[in-house]
Amino acid sequence: METDETLTNRQGHPITNNQHIRTVGNRGPSTLENYDFLEKISHFDRERVPERVVHARGAGAHGYFEAYGTAGDEPVSKYTRAKLFQEKGKRTPVFVRFSTVTHGISSPETLRDPRGFAVKFYTEDGNYDLVGNNTPVFFIRDAIKFPDFIHTQKRHPVTHLKNPDAVWDFWSLSPESLHQVTILMSDRGIPATYRHMHGFGSHTFKWVNAEGEGVWIKYHFKTEQGIKNLTEEVGTKIAGENPDYHTQDLYEAIEKGDFPAWKLYVQIMPLEDADTYRFDPFDVTKVWSQKDYPLIEVGRMVLNRNPENYFAEVEQATFSPGTLVPGIEPSPDKMLQGRLFAYADAHRYRVGANHNSLPINRPKADVHNYQRDGQMRFDSNGGGSVYYEPNSLGGPQESPENKTTAYPVSGSADSTSYDHNDHYTQAGDLYRLLSEEERTRLVSNIVGSMKQVTKDEIKLRQIQHFYKADPEYGTRVAEGLGLSVPQEV
Ligand code: NDP
C-alpha cells in the first residue's frame with residue numbers, strides 16, 4: 001500500500017535505514033552514535049508493564065449499561081441515588097475485563113480457575129468499578145490471608161512448578177474456602193466462554209438514597225447466553241489446541257455483531273437484618289439465599305465494541321473496588337475492606353501514579369482536583385490553574401451533599417474473626433442442588449486434583465470438610481482417593 005507518511009523516531013526525526021544497524025565497516029562494531037537503533041531497542045526492552053499478580057490473563061470489551069429505573073415494583077431511587085440506575089432507558093458506557101485468576105499472562109484460558117468479571121461504568125458522577133468474579137463467593141473472607149492464599153496457587157519457589165500440596169494444605173486449614181472450592185471443582189469451574197457465565201459483585205455493598213437511607217445489596221449479572229461449561233477433558237484439550245480460546249471467542253462474537261448481554265439483578269437486605277440473618281451477610285464466603293432475598297432486576301449490560309488496541313485498553317485498564325459513586329458505599333466485609341486499598345495500590349505500582357489519566361481509565365465526567373505532577377503526567381497537569389486548597393482564586397470546591405453516610409461503630413480495635421463459623425451448610429446446599437451427573441463430575445475433578453497431593457494427612461483433613469458439608473460428598477471423595485473418612489468425623 002502506498003503511503004505519504006515518513007517513518008520517524010520518537011523525536012520526529014526521519015529514519016533513513018530501519019533494516020541495518022550502523023557499524024564501523026561491514027564487519028566492525030556498532031557505535032553509541034547509533035541513536036535510532038538505541039532508541040528503538042531500548043523502548044522495546046520496556047514494552048511490558050508488570051503483569052497483574054492475579055488476573056493477569058484477560059480480554060475486554062466496550063458496551064453500555066441500560067438502566068430500568070426500577071428495582072422490581074419500586075423506583076430504584078427508593079434504594080440508591082446512584083445516577084446510573086435512575087432513569088428508565090438511560091445508557092451508561094462500560095468497559096468490561098474478563099480474566100482467569102492464578103495463571104500468568106500467556107497461560108491457556110480454559111484451565112480450571114475462577115474468572116474475573118470487572119466492570120467500569122463511566123457515569124456522569126465519575127467512574128464506578130464493580131470488580132467481581134463469576135462466582136458469588138470467595139475462598140477466604142479476610143484480606144490479610146490473600147497473599148498466602150495466592151502463594152499456594154502460584155509456583156513452588158524451588159521447582160517453579162504448581163504445588164497441589166500447598167493448594168490443599170491451605171484449603172484444608174482454611175475451611176471457609178469449602179464453598180468456593182466446591183464451585184471451582186464443579187462444572188462452572190471452567191466456563192465454555194466468557195459470554196456463557198454469570199458475574200457477581202460477590203461482596204455486600206450499601207446502596208444509599210437521596211435521604212441518606214441505606215440498604216445492603218449484592219449484585220448478580222445473569223448471562224443471556226445461558227450457562228455453558230467445559231469438562232476437565234475438553235478444557236485440557238482446548239488448552240493445548242488454542243490457548244487463546246476465550247479471548248478469540250469474545251472478539252469474534254462482537255466482531256460479527258453477536259453482542260453478549262447480561263441482566264443485572266440485586267438482592268436487597270434491610271440494614272437491620274444484618275444483625276439477625278442466619279449467616280453473616282458481610283462474609284464473602286457465603287451467599288444470601290435467594291429464597292430470603294430474591295433477585296430484583298435493575299438493568300441490562302451489552303458488550304458491542306472491541307478494543308482498538310489491546311495494550312492501551314485491556315492491559316492498562318485499572319479497576320478498583322474502592323472506585324464508587326455517590327449512592328454506593330462499602331460494607332464491613334473484611335475482604336472488601338482490604339481490596340479497597342489493594343487494587344489501586346497495585347495499579348499505582350503496575351501502571352503508574354497517573355494511571356487514572358490514561359484514556360481507558362479517565363472518567364468521562366469532568367475531573368477537577370489539586371493533584372499535580374508524578375511520573376508520566378502526560379496531560380496538561382492542570383496548566384496554570386490554582387494548585388492548592390483552600391484558596392480564594394475560584395478553584396474547585398467540596399460538595400458536602402455527596403458525602404458518604406455516617407454510621408455508628410462500637411467495639412475494641414482488634415484482629416478478630418467473623419463470629420459465624422458454619423463453613424459447611426452452604427457448601428452442602430450446593431452439593432445437594434447438583435444432579436447425579438454433576439456430582440460425579442465434581443467428585444472426579446476433586447479426586448483428580450487431590451491425587452497429586454503427596455501427604456495423606458492433608459487429604460484426610462480435607463475429606464473431613466467435604467463430609468461435614470454432606471456425608472455423601474465426603475464419602476465419595478474418600479473412596480475416589482482410596483481412603484476412608486477419618487474416624488473422628
Ligand atoms: P436458590 O435455589 O434460591 O439459588 C440457587 C442458585 O444456585 C441460583 O442462583 C442458581 O443459578 C445457582 N445454581 C444452580 N445450579 C448451579 C450449579 N450447578 N453450580 C452453581 N450454581 C448453581 O438457593 P439458595 O439461594 O438458597 O442457594 C443454594 C445454594 O446455591 C447456595 O448454597 C450456593 O452454593 C448456590 N448459589 C447461590 C447463589 C445465591 O446468590 N443465593 C448464587 C449462586 C449459587 P442459575 O439460575 O444460574 O442456575
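**The ligand and what surrounds it**

Start with Lys222: an N or O atom in its side chain is 3.2 Å from an oxygen atom of the ligand. Polar contact here means a pair of N or O atoms within 3.5 Å; within protein, one must be able to donate a hydrogen and the other to accept it, and residues adjacent in sequence count only if both atoms are side-chain atoms. Before going on, note that this is a predicted model, where local features need pLDDT of at least 70, side-chain atom pairs count only at pLDDT 80 or more, and totals for chains, interfaces and linings use all residues. Residues are numbered from 1 along each chain as its sequence is written, and side-chain values use heavy atoms, with hydrogens and water left out.

Lys291 also has a side-chain N or O atom by the ligand, 3.0 Å from one of the ligand's oxygen atoms. For His179, a polar side-chain atom lies 2.6 Å from a ligand oxygen. The ligand taken alone exposes 790 Å², and the protein buries 79% of that; these areas come from the Shrake-Rupley method with a 1.4 Å probe, and for residues only the protein chains shown count as cover.

How many residues surround the ligand? There are 18, and the closest are His179, Arg188, His198, Ser289 and Gln290; a residue is near if one of its heavy atoms lies within 4 Å. By class, the shell has six nonpolar, seven polar and five charged residues. Nonpolar covers Ala, Val, Leu, Ile, Met, Phe, Trp, Tyr, Cys and Pro, charged covers Asp, Glu, Lys and Arg, and the others, Gly among them, are polar. Helix α9 gives the largest share of the shell, four residues. Helices (H or I, at least four residues) and strands (E, at least two) are DSSP runs, numbered from the N terminus.

**Two domains**

The chain is divided into domain 1 (55-140 + 187-362) and domain 2 (425-480), with bounds from an automatic or database domain assignment. Their C-alpha centres lie 29 Å apart. Eight residues from domain 1 and five residues from domain 2 make up the contact, where contact means heavy atoms within 4.5 Å. Why does the ligand lie between the domains? Both give residues to the shell around the ligand, so it lies between them.

**Individual residues**

His246 is in helix α6 (residues 245-255). At 0% relative accessible area, His246 is buried; buried means under 20%, exposed over 50%, and partly exposed in between, with a 1.4 Å probe and protein chains only. A polar side-chain atom of His246 lies 3.3 Å from the backbone oxygen of Pro191. Residues touching His246 include Glu109, Arg115 and Tyr194.

Thr416 sits in the loop between α8 (334-350) and α9, and is partly exposed at 44% relative accessibility. Thr416 touches Asp142 and Lys334, leaving out residues up to four places away in sequence. Asp142 is 274 residues from Thr416 in sequence, yet their C-alpha atoms are 9.8 Å apart.

**Backbone points to check on screen**

Most residues other than glycine have a negative phi, and most peptide bonds are trans. Glu389 and Pro390 are joined by a cis peptide bond, with omega about 5°. Pro390 is in the loop between α8 and α9. Met376 is in the loop between α8 and α9, with a positive phi of about 55°, and is exposed at 61%. His160 has a positive phi near 60°.
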